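Here is a report on one predicted model.

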Amino acid sequence: MRFRSQLANASIFSKLTASLSSLGKVCWMRLEEGFIRFTIIPDQGTQVWAQLSVDSIFEEESYILESNTGVINLEVPIGSLHRALRSAVASKSANLRLTKKGNVPLLALTIRATSWTTGSNALGIPENATTEHPSTTSSTTDTNANTSISTSTANPRPAGPRERETVITQEIPVKVLHESAVEGLHQPRCRDPDVNILLPSLIQLKGISERFTKLATESKASSSSSTTTAASPKLELAANMHGSLRISIGTDAFRISSTWTDLLNPSLDPGQLGQGELEQLPSERMRGLAADDEAAWAKVKIDGKDWSRILSVGRLNPRVVAFLSMRRL
């Protein structure tokens, strides 16, 4: 079993792992020949099934994947991977590989970074404080990852500023999953959505959603004499095929809502479906209803705190399309 590749876009990879880490601690990472899949299945809350092409993250020319089945399944602590990737965003180059230390499988991220020193030696130490040693190495360790940093210089040293290259290797302990351990996991099948709509500014939407959730939580806490922990309030999301989105929440004491209009309702590519099939889609039937008809609105309810975590995908791309199905979310 072997995996190794140069990172082509560390920024996208870092933003993706940042979004995933807000939804779960452990991620199933499935490496295939043409795709990389990321799956998070918590005990409760939102599931994540993400798929990216190899070339969106890695360099195809350096992508090496060797396995008896042509697939490698890894259980990855997604927070540790994200922390490692943050240091790779501004690096000169970065390499990710599957390795092993003893009996512990690891994802090793090696980055190369360059900087200019102000002194006449690569370490930027004043001339009278330098030694004859040409290199130095230091390492730090935490419970999730090992990090080693090395810098090097060569004698003789020319006068003036010098470029210094730093090599940093961070090791993230992972679990290699046998195919039999994941063969029963399948992405849930959802019915065709009733409404698809491009969400407004996710920062604004997240701020309003969190404010509504906080008000409802405080209202329930003040009106309840029970000391048991209450579940997070449910937000109601409603949208139609005429560019309107509404988010609301209600308690015994109040009901508040916020509405956006003139949003975009993306249409499916007619080339993917026949004209007859396109017309039969629930979203197209909803488009045919009047904008002021309450029946034209698709409504779903979702945990307020869970919804706030979902909106963290804005780190990866601020343009997000939501699909609402009234029978299943």
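An open sheet of 4 strands runs in the order 16-15-14-17, and its pairing is antiparallel. Strand 16 (255-260) and strand 17 (298-303) hold the edges; each has a single partner strand, so one side of each lacks a neighbour in the sheet. On average, neighbouring strands of this sheet are turned by 20 degrees against each other, direction ignored. Strands here (E, at least two residues) and helices (H or I, at least four) are DSSP runs, numbered from the N terminus. Two strands count as paired if DSSP finds at least two bridges between them.

Strand 14 (residues 234-239) pairs with strand 15 in the antiparallel sense over 4 bridges. Ala238 is set opposite Arg246 of strand 15. Strands of a sheet pair through backbone hydrogen bonds, either parallel or antiparallel.

## Basis of the model

The model is predicted: local features need pLDDT of at least 70, side-chain atom pairs count only at pLDDT 80 or more, and totals for chains, interfaces and linings use all residues. Residues are numbered from 1 along each chain as its sequence is written, and side-chain values use heavy atoms, with hydrogens and water left out.

A second open sheet has 5 strands in the order 4-3-2-6-12, with antiparallel pairing. Strand 4 (48-53) and strand 12 (175-177) are at the edges, each with a single partner strand, so one side of each has no neighbour in the sheet. From one strand to the next, the twist averages 25 degrees.

Strand 2 (residues 26-31) and strand 3 (residues 35-40) form an antiparallel pair over 4 bridges. Met29 has Phe38 in strand 3 as its bridge partner. Helix 1 (residues 10-21) packs on the sheet and touches strand 2, strand 3 and strand 4. Its direction makes about 20 degrees with that of strand 3. Helix 2 (residues 78-86) also packs on the sheet, touching strand 2 and strand 6 (72-77), at about 85 degrees to the direction of strand 6. Contact means heavy atoms within 4.5 Å. Axes are lines fitted to C-alpha atoms, for helices over the stretch in contact; angles run from 0 to 180 degrees between N-to-C directions.

## The cavity

The structure holds 1 cavity of 30 Å³ or more. The largest cavity has about 50 Å³ of space. What lines it? Leu199, Leu205, Leu237, Leu245, Ile247, Trp307, Ala322 and Leu324 do. Strand 15 (245-250) and strand 18 (321-324) each supply at least two of the lining residues. By class, the lining has 8 nonpolar, no polar and no charged residues.

The largest pocket has about 1,600 Å³ of space. Of its 41 lining residues, Thr46, Gln47, Ile310, Val321 and Phe323 are the closest to its centre. Helix 1, strand 4, strand 17, helix 7 (304-310) and strand 18 each give two or more residues to the lining. Strand 18 gives the most, with 4 residues. The lining divides into 27 nonpolar, 10 polar and 4 charged residues.

## Confidence

The protein chain has a mean pLDDT (the predictor's confidence in each residue, from 0 to 100) of 82, and 80% of its residues reach 70 or more. Confidence is highest in strand 6, at 95, and lowest in strand 9 (residues 135-141), at a mean of 43. Over residues 130-142 the pLDDT is below 50. Beyond near neighbours in sequence, this stretch has 21 contacts in the model. Where pLDDT is low, the predicted coordinates should not be read in detail.

## Cut-offs for spaces and classes

On a 1 Å grid over the protein atoms alone, a cavity is a set of points where a 1.4 Å probe fits but cannot get out; a pocket is an open set with protein on both sides within 12 Å along at least five of seven lines; lining residues have an atom within 4 Å of a point. Grid points are joined across faces, edges and corners, and a volume is the space filled by probe spheres set on the points. Ala, Val, Leu, Ile, Met, Phe, Trp, Tyr, Cys and Pro count as nonpolar, Asp, Glu, Lys and Arg as charged, and the others, Gly among them, as polar.
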